[in-house]
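Here are a few exercises to work through with the model open beside you. Try each task before you read its solution.

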Protein chains: 2
Amino acid sequence: MVTLESNSDIGTLAKQLWALGDPVRLEIIQILPTRPTCHNACNVSTIAGRIGLSQPATSHHLRILRQAGIVTCEKKCRDMIYWIDLEAGSAVGERIQNLIGSS
Amino acid sequence: MVTLESNSDIGTLAKQLWALGDPVRLEIIQILPTRPTCHNACNVSTIAGRIGLSQPATSHHLRILRQAGIVTCEKKCRDMIYWIDLEAGSAVGERIQNLIGSS
DNA sequence: ATGATGTATCTATATACTTAAATATGTCAA
DNA sequence: TTGACATATTTAAGTATATAGATACATCAT
């Protein structure tokens, strides 16, 4: 059952790894904070400016990260602020270790 | 300098994560041993049979994993045997943790 | 109305897969 | 040993699908 469970999780893990497997999105991850805050560059426009991409394109990448469960967002005032889902993020790292060391 | 170094590594890390971000390749990772051995299913044909894919397609996925430095291969007799590069593999997991916890 | 974000649509590029051909290595008979 | 065949893998060519990015439009709060 554990096998079945982890097996069905493979699609999810692959999705998360794929979402992280892009230089632009890794750069976004580096910029994003780990907690919801307005102090740093956590709204889409500022992130777009820092990585040198248009706002829609940045929004697109953020959506991919969000759908993979790696980042979370919330409407604060008039901005949409993004931050990293620490739990999900570190779970990805752990799953890789478990997967590789299991054979 | 650490920043610059880790910055130039981002492309490599992205490539490794992208290589791992595919259900088929994760399945291959699950099958592959962590040391060169002929006992298990470590040659291309057997792997192809286990994941239900053609040999060329399997070879293609193995090539991607190899170019990302996640698996290693060596010619043994007439077969090409593959195994996981443990060091590189666990380094990926660690880098994710460091990247996410840094902000 | 204004400013910020998300969605839709479209184009260029990249990826995954298959079939077919090439390469390399080992086996067997003469 | 030599030549012919068999096996395993890689590479190439071609096609269908997926993705990244831009532009334009819709939405929502101030």
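**Exercise 1.** How many residues surround DNA strand C, and which are the closest?

*Solution.* Before counting, note that this is a predicted model, in which local features need pLDDT of at least 70, side-chain atom pairs count only at pLDDT 80 or more, and totals for chains, interfaces and linings use all residues. Residues are numbered from 1 along each chain as its sequence is written, chains are lettered from A and ligands numbered from 1 in the order in which they are written, and side-chain values use heavy atoms, leaving out hydrogens and water.

Step 1: a residue is near the strand if one of its heavy atoms lies within 4 Å of it. Step 2: 22 residues surround DNA strand C, the closest being Ser45(A), Gln55(A), Tyr82(A), Ser54(B) and His61(B). Step 3: of the atoms of DNA strand C that come within 4 Å of the protein, 81% belong to sugar and phosphate.

**Exercise 2.** Find side chains with a polar atom beside a phosphate oxygen of DNA strand C, and then the elements that supply the surface.

*Solution.* Step 1: a polar contact is a pair of N or O atoms within 3.5 Å. Step 2: a polar side-chain atom of His61(B) is 2.2 Å from a phosphate oxygen of DNA strand C; for Ser59(A) the distance from a side-chain N or O atom is 3.0 Å, and for a polar side-chain atom of Arg25(B) 3.3 Å. Step 3: two or more residues each come from α3 (44-51), α4 (55-67) and β2 (79-84) of chain A and from α4 (55-67) of chain B. Helices (H or I, at least four residues) and strands (E, at least two) are DSSP runs, numbered from the N terminus. Step 4: α4(B) gives the largest share, 5 residues.

**Exercise 3.** Is Pro56(B) buried or exposed?

*Solution.* Step 1: locate Pro56(B) in helix α4 of chain B. Step 2: apply the cut-offs: buried is under 20% relative accessible area, exposed over 50%, partly exposed in between (1.4 Å probe, protein chains only). Step 3: Pro56(B) counts as exposed because its relative accessibility is 61%.

How values were computed. A polar contact is a pair of N or O atoms within 3.5 Å; within protein, one must be able to donate a hydrogen and the other to accept it, and residues adjacent in sequence count only if both atoms are side-chain atoms.
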